[in-house]
Amino acid sequence: MLWKLIGCLCILTASSGLGYFQGIEYRRQIQEMHCLEQLIREIGGEISYTKAPLPEIFLRTARYCRSPYSLWLREMAREMQEKGAVQLGVLWENRTRKILGTLPLDSEEMNELSQVGYQMNHLDIRMQEQTLIWYVTRLEERRGRKEKILYEKQRLSNLLGVSAGLFLVILLM
């Protein structure tokens, strides 16, 4: 009887913890979106003020950001210097999916980020700035919507975790 009770407590604790960590994952997704917004704004600012080539802008921006963003920007700069900016769209998409693919972003957000390079490929400086502003605006809107429902999602994932644990305990008894 004691072992059943211990087993039930373990199941309930594990399922509750799983629900709790799912709620934390929602918050982490919003934080990553905010970091990405700041990074894209910084790249846009560098383009606006320095008018430097993109590889130089990427290297300069990589110094001030955390991993994996710094690795992403350094890889982009290195490959652009080797292959030229002609293939920016393909290069941007490949590096984004390879290096930033582990970030907790939705597939829709990852697809939009991957497409930014194609949109910037053959544009002048002013249009590149506008492309980045458009992307940041879209990201802000999405993040705002997610922040509005964050509390409900966290509560729901906690409730589902506890409910699933109780269901398993009842089922196993």
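This is a predicted model: local features need pLDDT of at least 70, side-chain atom pairs count only at pLDDT 80 or more; totals for chains, interfaces and linings use all residues.
Helix H1 covers residues 2–50. H1 has 49 residues, and the distance from its first C-alpha to its last is 70 Å, close to the 72 Å expected at 1.5 Å a residue. Helix H3, at residues 69–83, has 15 residues and reaches 21 Å between its first and last C-alpha, close to the 21 Å expected at 1.5 Å a residue. Helix H2 spans 54–62 and helix H4 spans 88–99, while helix H6 takes in residues 125–172.

H1 is followed by Lys 51, which is found in the loop between H1 and H2. Most residues other than glycine have a negative phi. Lys 51, a residue other than glycine, has a positive phi, near 55°.

On the H1 side the contact is made by Leu 39, Glu 42, Ile 43, Glu 46, Ile 47 and Thr 50, and on the H2 side by Leu 54, Ile 57, Phe 58, Arg 60 and Thr 61. Sorted by class, the contact of H1 with H2 has six nonpolar, two polar and three charged residues. In the list for H1, Leu 39, Glu 42 and Glu 46 are among the residues that meet H2. An α-helix has 3.6 residues a turn, so residues three or four places apart point the same way.

The loop between H2 and H3 holds Pro 68. Most peptide bonds are trans. The peptide bond from Ser 67 to Pro 68 is cis, with omega near 5°.

The crossing of H2 and H3 is left-handed. H2 contributes Leu 54, Pro 55, Phe 58, Leu 59, Thr 61 and Ala 62 to the contact, and H3 contributes Ser 70, Leu 73, Arg 74, Met 76, Ala 77, Met 80 and Gln 81. These residues divide into nine nonpolar, three polar and one charged.

Ala 62 gives a local view of this contact. Ala 62 lies in H2 and has a relative accessible area of 7%, under the 20% limit, so it counts as buried. Leaving aside neighbours within four places in sequence, Ala 62 is in contact with Ser 70, Leu 73 and Arg 74. Ala 62 and Arg 74 are 12 residues apart in sequence, and their C-alpha atoms are 6.3 Å apart in space.

H3 also packs against H1, at an angle of about 35° and with the axes 12 Å apart. The crossing of H1 and H3 is right-handed. In H1, the residues Glu 32, Cys 35, Leu 36, Leu 39 and Ile 43 meet Tyr 69, Trp 72 and Leu 73 in H3. The contact of H1 with H3 has seven nonpolar, no polar and one charged residues.

The buried residues of H3 are Tyr 69, Ser 70, Trp 72, Leu 73, Met 76, Ala 77, Glu 79 and Met 80. They pack against H1, H2 and H4. Leu 73 is one of these buried residues, and it takes part in the contact with H1 as well as in the contact with H2.

Leu 139 is found in H6 and is buried, with a relative accessible area of 2%. Apart from neighbours within four places in sequence, Leu 139 is in contact with Met 33, Leu 36 and Glu 37. The C-alpha atoms of Leu 139 and His 34 are separated by 8.3 Å, although the two residues are 105 residues apart along the chain. Leu 160 is also found in H6, but Leu 160 is exposed, because its relative accessible area of 52% is over the 50% limit. Leu 160 and Ile 11 are 149 residues apart in sequence and 13 Å apart in space, from C-alpha to C-alpha.

Terms used. Residues are numbered from 1 along each chain as its sequence is written. Side-chain values use heavy atoms; hydrogens and water are left out. Axes are lines fitted to C-alpha atoms, for helices over the stretch in contact, and angles run from 0 to 180 degrees between N-to-C directions. Helices (H or I, at least four residues) and strands (E, at least two) are DSSP runs, numbered from the N terminus. A crossing is left-handed if the near helix is turned anticlockwise from the far one by less than a right angle, and right-handed if clockwise. Contact means heavy atoms within 4.5 Å. Ala, Val, Leu, Ile, Met, Phe, Trp, Tyr, Cys and Pro count as nonpolar, Asp, Glu, Lys and Arg as charged, and the others, Gly among them, as polar. The expected span of a helix is 1.5 Å times one less than its number of residues. Buried means under 20% relative accessible area, exposed over 50%, partly exposed in between (1.4 Å probe, protein chains only).
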